[in-house]
Amino acid sequence: MEAPDSDPTAQSTAALAAKLFAQKTEAELLYLAQNAARYPPAVGAAAVAELRRRGALPDAHRPAPSPAPESETWGELVGQLFKGLFIPSRRFLATPLLLDLNLLVFGLMVLSGVSASNPTGRELVSWGSNLSRLTLHGEPWRLLTCLFVHAGMSHLLLNMFSLWLLGLLVEDRVGPLRLVLVYLACGVGGGLASLWWHAGGINSVGASGAIFGLYGLLLVLLVGKKMVLDKSDRRAMLGLVLYLVLSNLLSGFTGNIGGGEGVLIDNSAHIGGLATGLLMAGPLALLGLRPTVIEEKTV
């Protein structure tokens, strides 16, 4: 059965309307299209159709061109890097603050006349080093202050680079408060281990014990599957952390780092901080954290 032919009257009316609207100016057509509610529906539709035929209306299906991305200069990239390093943010609060505090103390030391490359033992004691005869006899606060005193620029930069890397890795997972508590607890643990091991007396400085505690915290995170990593990446990071710990311990056997008059950065503080992070501070910091590891799926 064939479909009936279209109404010739309707066709002629549509053709007449199209011819009529073709004679109107674009301003008239825009007015009719914008005020289509005031007229019969066919009027607005015809005005829009004629505007599209003339190319006066954008194609509704054509996506708007996206702005070209602005390329960043090296200066801008370096500026953003330093901003992330030293300016606290919602994501990283504790790490920049600890970096800033260490740098501030060293800057004040240099401004006061302390050598930036080879401070004396007497100068470090005046700034709060861990000195046995003082720490164990009425000045226990030196277990904390010694964490922010360094025996020269090279010693400071080495520790701050380690703090930056470890802080970025673990703070995003455990939060700023837990990171600071682990840092300080492990620093104190390293200082106590140093006092115990060096029964004859010690004058030590630096954040090494606290940093080794962060190594311990990172190991606990990895072994406890608290980081978003698959098996291969987790094993690779475990190997890297163990390598860094062992290499730093081996390098500690070379002796003094900066300073004179018996100033010593020793492995007893390193091992004490690491043990504190592994056995006490690390597990306590992980209470309430859920595993977030992405394991490999076997087929």
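**Figure 1. K225 is partly exposed, with a relative accessibility of 35%.** The close-up is taken from a predicted model. K225 sits in the loop that joins α11 (208-223) to α12 (231-251). The phi angle of K225 is positive, near 55 degrees, and K225 is a residue other than glycine.

**Figure 2. The axes of α11 and α12 cross at roughly 160 degrees.** Two packed helices are described by the angle between their axes and by the distance between those axes. Here the axes of α11 and α12 come within 10 Å. Because of the crossing angle, α11 is roughly antiparallel to α12; the cut-off for this class is an angle over 145 degrees. The crossing of α11 past α12 is left-handed.

**Figure 3. Residues of α11 meet residues of α12.** On the α11 side, the contact is made by F212, Y215, L218, L219, L222 and V223. On the α12 side, the residues are R234, M237, L238, V241, L242, L244, V245, N248 and L249. By class, the residues of this contact are 13 nonpolar, one polar and one charged.

**Figure 4. The pLDDT is below 50 over residues 258-263.** For the protein, the mean pLDDT is 81, and 80% of the residues reach 70 or more.

Key. Residues numbered from 1 in each chain as written. Predicted model: local features only at pLDDT ≥ 70, side-chain atom pairs only at ≥ 80, totals over all residues. Heavy atoms only, no water. pLDDT = per-residue confidence, 0-100. Contact = heavy atoms within 4.5 Å. Helix = DSSP H or I, 4+ residues; strand = E, 2+ residues; numbered from the N terminus. Buried < 20%, exposed > 50% of the residue type's maximum accessible area, 1.4 Å probe, protein only. Axes fitted to C-alpha atoms, helices over the stretch in contact; angles between N-to-C directions. Parallel < 35°, antiparallel > 145°, perpendicular 65-115°, else oblique. Left-handed = near helix turned anticlockwise from the far one by under 90°. Nonpolar A, V, L, I, M, F, W, Y, C, P; charged D, E, K, R; others polar.
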